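These are my notebook entries on a structure that is new to me. I record what I looked up, in the order in which I looked.

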Amino acid sequence: MNQMNQQYPDQPGQQQQPTPAGVYAPPPPRKKSTGAKVGIGCGGAFGALVLIGIIAAVAGGGDAEPQADKPGKAATAPAKGQARGDAKPAEAEPKGKPEAAHKSPADQFKAFVAKNGSANEKAAIGHVTKVQGADEQNDILDSVDIHTDFTGGMLGPHQSEGKLIASVFADWKHSKNGLVTIYDAKGEILSNGNF
């Protein structure tokens, strides 16, 4: 009975009066251990580092090349016999570059499948309406969205075509850490895959 009535001292080396018989004395509250404090601190620090990394990736995703070095449209001097107002703009791209540089990513993707795809792949790609993010890759976190005119979402009848589009996209573009997501006409996810 003496063991039940004994209270624990608040501080080391300090004795307390024993509890009278028949009165229950709850044990003193437990303090957080050092391990829990360190664990919480490390978790918060890790979360802050991840957040800083994401912000840096988004902010630093721009092109580091100065604008002056990029070719642009510039007016050429008029040839003899032409009036000064008849100057013709120079070509934006040097001759010899492929025409694909002027096409949208969706058109480039469709051209790749038209050249290299099977009949089923060509039929599925015919439903692609828009490709976003295919021209901006950094191999850290590449995300591409492909919009189609299919309906029904993941559980609809066109899920297999969505997977086929994701597979063909992986043949076209390669990334160390890429995710392609296929959407239906209403913006619902149809399928996704790595590329």
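**Entry 1: a starting residue**

In which helix is K110 found? I located K110 in helix α3. I noted before going further that the model is predicted. K110 counts as partly exposed, because its relative accessibility is 30%, which lies between the 20% limit for buried and the 50% limit for exposed. Not counting residues up to four places away in sequence, K110 touches I125 and V128. I also looked up the distance from K110 to H127: the two are 17 residues apart in sequence, and their C-alpha atoms are 10.0 Å apart.

**Entry 2: confidence and overall layout**

I then turned to the chain as a whole. The mean pLDDT is 76, and 62% of the residues reach 70 or more. Over residues 65-75 the pLDDT stays under 50, and for this stretch the model has twelve contacts beyond four places in sequence. Where pLDDT is low, the predicted coordinates should not be read in detail.

The chain holds five helices and four strands. Along the sequence, I read their order as α-α-α-α-β-β-α-β-β. Of the 195 residues, 21% count as buried. Among contacts between residues at least 6 apart in sequence, 45% join residues at least 24 apart.

**Entry 3: helix α3**

I returned to α3 and checked its length. Helix α3 covers residues 105-116, and its twelve residues should span 16 Å at 1.5 Å a residue; the end C-alpha atoms are 16 Å apart, so the two values agree. Which residues of α3 are buried? I found P105, A106, F109 and V113 to be buried in α3. These residues lie on the same side of α3, because they cover an arc of only 100° around the axis. The general rule is that an α-helix has 3.6 residues a turn, so residues three or four places apart point the same way. I next asked what the buried residues of α3 pack against. Their partners are α4 (119-125), β1 (128-132), β2 (142-148) and α5 (159-172).

**Entry 4: helix α5**

Helix α5 has 14 residues. From its first C-alpha to its last it reaches 20 Å, close to the 20 Å expected at 1.5 Å a residue. Its buried residues are G162, I165, A166, V168, F169, A170 and W172. I recorded their packing partners as α3, α4, β1, β2, β3 and β4 (189-194).

**Entry 5: the nonpolar core**

How many residues does the largest nonpolar core have? I noted 21 residues, and those with the most contacts inside the core are F109, V131, V144, I146, I165, F169 and V180. Two or more residues of this core come from each of α3, α4, β1, β2, α5 and β3. The largest share, six residues, comes from α5.

I followed V131 as one member of the core. Leaving aside neighbours within four places in sequence, V131 is in contact with P105, A106, F109, V144, D145 and I146.

Is T181 buried or exposed? T181 is found in strand β3 (residues 178-183), and it counts as buried because its relative accessible area is 8%, under the 20% limit. Beyond four places in sequence, T181 is in contact with V144, D145, I146, I189, S191 and N192.

S143 has its place in strand β2. S143 is partly exposed, as its relative accessible area is 44%. Its contacts, neighbours within four places in sequence left aside, are Q132, G133 and L179. I also noted that S143 and N177 are 34 residues apart along the chain, while their C-alpha atoms are separated by 8.7 Å.

**Entry 6: a loop residue**

Last, I looked up D139, which lies in the loop between β1 and β2. D139 has a positive phi of about 60° although it is not a glycine. Most residues other than glycine have a negative phi. With a relative accessible area of 34%, D139 is partly exposed.

Terms used:
Residues numbered from 1 in each chain as written. Predicted model: local features only at pLDDT ≥ 70, side-chain atom pairs only at ≥ 80, totals over all residues. Heavy atoms only, no water. Expected span 1.5 Å × (residues − 1). Buried < 20%, exposed > 50% of the residue type's maximum accessible area, 1.4 Å probe, protein only. Arc of directions from axis to C-beta. Contact = heavy atoms within 4.5 Å. pLDDT = per-residue confidence, 0-100. Core = buried A, V, L, I, M, F, W, Y, C linked by side-chain atoms within 4.5 Å.
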